[in-house]
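Thanks for coming. Please have the sequence and the structure open while I talk.

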Amino acid sequence: MPEEISGDSLNSWFFNEGTTSKVLTTLMEEGYKIESGDKLGKTIIFAKNDKHAEHIVETFNKIYKILMVNFVKR
């Protein structure tokens, strides 16, 4: 293992569709639930920048097509 990993290398590994999909799936399955556990509570996801935020929204909409309308906002 290297002693240091550059920010660019970390970002290219972390900010990709596979990783984003895994994070979103984990959130939807294991996130804080309300209304007797039937609904995901409001959640804030911090993005690196606008491009990353758009990537998160697009990935969410691919996975959860049925929830697309007003479920996630950038």
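This is a predicted model: local features need pLDDT of at least 70, side-chain atom pairs count only at pLDDT 80 or more; totals for chains, interfaces and linings use all residues.

Residues are numbered from 1 along each chain as its sequence is written, and side-chain values use heavy atoms, with hydrogens and water left out.

Let me start with the rings. A pair of aromatic rings is described by the distance of the centres and the angle of the planes. Rings of Phe, Tyr and Trp (its six-membered ring) pair if their centres lie within 6.5 Å; planes under 30 degrees apart count as stacked, over 60 as edge-to-face and the rest as tilted. By this rule there are two aromatic pairs. Why is the pair of Phe 60 and Tyr 64 called tilted? The centres are 5.0 Å apart and the planes stand at 35°, so this pair is tilted. Phe 60 also pairs with Phe 71, and that pair is stacked, with 5.5 Å from centre to centre and 5° between the planes. Phe 60 belongs to helix H3 (residues 50–63) and Phe 71 to helix H4 (residues 68–71), so the pair links distant parts of the chain, eleven residues apart. Helices here are DSSP runs (H or I, at least four residues), as are strands (E, at least two), numbered from the N terminus. Together, ring pairs join Phe 60, Tyr 64 and Phe 71 into a cluster.

Phe 60, at 4%, is buried, and Tyr 64 is buried at 16%. Phe 71 is partly exposed, at 39%.

Next, charges. Side chains of opposite charge can pair when their charged atoms come close. A salt bridge is a side-chain nitrogen of Lys or Arg within 4 Å of a carboxyl oxygen of Asp or Glu. The whole structure has three salt bridges. Lys 62 meets Glu 17 at 3.4 Å, N to O. That pair links distant parts of the chain, with Lys 62 in H3 and Glu 17 in helix H2 (residues 17–30), 45 residues apart. Lys 39 and Glu 35 meet at 3.7 Å; Lys 39 is partly exposed at 42%, and Glu 35 is exposed at 51%. Glu 54 bridges to Arg 74, with the closest N and O atoms 3.0 Å apart.

Now the inside. A nonpolar core is a set of buried Ala, Val, Leu, Ile, Met, Phe, Trp, Tyr and Cys residues joined through side-chain atoms within 4.5 Å. The largest one has six residues: Leu 24, Met 28, Leu 40, Ile 56, Phe 60 and Tyr 64. H2 and H3 each supply at least two residues of this core.

Last, the largest pocket. A pocket is an open set of points on a 1 Å grid over the protein atoms alone, where a 1.4 Å probe fits, with protein on both sides within 12 Å along at least five of seven lines; lining residues have an atom within 4 Å of a point. Of its 21 lining residues, the closest to the centre are Thr 43, Ile 44, Phe 71, Val 72 and Lys 73. H3 gives the most to this lining, with four residues.

Technical notes: Buried means under 20% relative accessible area, exposed over 50%, partly exposed in between (1.4 Å probe, protein chains only).
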